[in-house]
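Visitor: Please pick one part of this structure and take me through it slowly. I would like to see how it connects to whatever surrounds it.

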Amino acid sequence: MVMTNILTLWTFGLNAKECEILRKNAGASYRCQSLDTMDSGRLAELLDSFAASREEKDEPLLLWLGSAAWQHLAESSPELMRRMTYLPVVLLLEEKADLQQLENALDAGFQQVLRAPLQNRHVHEALSRALEVRNLYQDMSRMSREILMTRELLDRKSEVCSLMLRLFSAISGAGDAQNMLRRCGDELRQLLDLRGLHALWWGKGGEALAFVGQDDDSNRLDAASSRAWYEFLLSGAPAEIRSMPVRLVCCGGSTGSPDAGKVLWLPLEVRGRRLGLLALMFARPLLVGRDMSLALDAIRHFMASALNVYLHDVNDEQPVSLQA
């Protein structure tokens, strides 16, 4: 069974015969609702309600307005006529309407103007035209939403690309690993609600380095926050890494104690070999889209390569000292 939406037709100022012709020719797909019994206050409220939500509603498809009702509203209730401009209106002029009335009707901005008596073909033509107009506006509305979504998507892609360029620049010009991690944290905070950037690097073995984003020039575990992050980083490392000597390096720029539910772990790999871990802590759990996921993946690979260069020379000799 094919289900069809029932569309609403409003009538105001039509006589009983005209309403019957409208109902008969509109068929079961339309519901006719008369507004004649409403007072001006209730009618104004109804029109305002429709105007406020007209982009979300498909009904009424048309308001059928009688000639006498139009002339009465135009003279006594111009504010109600203004409210009706939000509706698609078919005006049914009286059979003996003069040229001036016709010109006034055409200038009033109605969707269609007919002359009585109302005929079957008038109803079919008006409904057909109204459906075409409604579909046209719906297509335009969909296109507008698609354009806005595309612009928003491009803005997001532009932000991600800008972030990657800034990070690559920060990584390339940092000079040492400690400064690189601090600068990367500063750049990420401009786009994401980042609270901390921390890393554990064990390289090819021998000694591991815990880069904690806390401000502690002494690089010691005296501060409770530094110790908390130091232990948190070790908890995420493989067992064999936790057994080797680990040196603390404070990078600064971060706030807060570790919260496992808000930390994003990223492996630091070089040529498929895991040499460290990156821990990004956010104000709330991060839900990233495809573009940001790809960007973070590229960033972690670039950071791993940079750390490998900053902390070891090309011949895998002794670690380079981080202290001036």
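Guide: Helices (H or I, at least four residues) and strands (E, at least two) are DSSP runs, numbered from the N terminus. This is a predicted model, so local features need pLDDT of at least 70 and side-chain atom pairs count only at pLDDT 80 or more, while totals for chains, interfaces and linings use all residues. Residues are numbered from 1 along each chain as its sequence is written, and side-chain values use heavy atoms, leaving out hydrogens and water.

P117 sits in the loop between strand 5 and helix 6. The peptide bond leading from A116 to P117 is cis, with omega near 5°. Most peptide bonds are trans.

Now look at the sheet beside our helix. Five strands form an open sheet in the order 2-1-3-4-5, with parallel pairing; two strands pair if DSSP finds at least two bridges between them. Strand 2 (30-34) and strand 5 (112-115) stand at the edges with a single partner strand each, so one side of each has no neighbour in the sheet. From one strand to the next, the twist averages 20°. Strand 5 pairs with strand 4 (residues 89-93) in the parallel sense over four bridges. R115 of strand 5 is the bridge partner of L93.

Helix 5 (residues 99-107) touches strand 4 and strand 5, and its direction makes about 155° with that of strand 5. Helix 6 touches strand 1 (7-12), strand 2, strand 3 (62-66), strand 4 and strand 5, and its direction makes about 140° with that of strand 3. Here contact means heavy atoms within 4.5 Å, and angles run from 0 to 180 degrees between N-to-C directions, with axes as lines fitted to C-alpha atoms (for helices, over the stretch in contact).

Next, meet the helix partner. Helix 6 (residues 120-172) packs with helix 10 (residues 290-311) at an angle of about 5°, their axes 10 Å apart. That makes the two roughly parallel; angles under 35 degrees count as roughly parallel, over 145 as roughly antiparallel, 65 to 115 as roughly perpendicular and the rest as oblique. On the helix 6 side, the contact includes L153, V160, L167 and F168, while helix 10 brings residues including M292, A295, F302 and Y310. Sorted by class, this contact of helix 6 with helix 10 has 15 nonpolar, one polar and two charged residues. (Ala, Val, Leu, Ile, Met, Phe, Trp, Tyr, Cys and Pro count as nonpolar, Asp, Glu, Lys and Arg as charged, and the others, Gly among them, as polar.)

On a 1 Å grid over the protein atoms alone, a pocket is an open set of points with protein on both sides within 12 Å along at least five of seven lines, a cavity is a set where a 1.4 Å probe fits but cannot get out, and lining residues have an atom within 4 Å of a point. The second largest pocket holds about 270 Å³ of space, a volume being the space filled by probe spheres set on the points, which are joined across faces, edges and corners. Its lining has 13 residues, and R156, E159, V160, G289 and M292 lie nearest the centre. Helix 6 and helix 10 each supply at least two residues of that lining. Helix 6 gives the most, with four. The lining divides into eight nonpolar, one polar and four charged residues.

Helix 10 has another neighbour, helix 7 (residues 177-189), which packs with it at about 155° with the axes 9 Å apart. The pair is therefore roughly antiparallel. A177, M180, L181 and C184 of helix 7 meet M303, A306, L307, Y310 and L311 of helix 10. This contact divides into nine nonpolar, no polar and no charged residues.

Helix 7 leads us to a last stop. Helix 7 provides the largest share of its lining, four residues. Among the lining residues are L181, R182, G185 and R189, along with G252 and S254. By class, the lining of this second largest cavity has three nonpolar, four polar and two charged residues.
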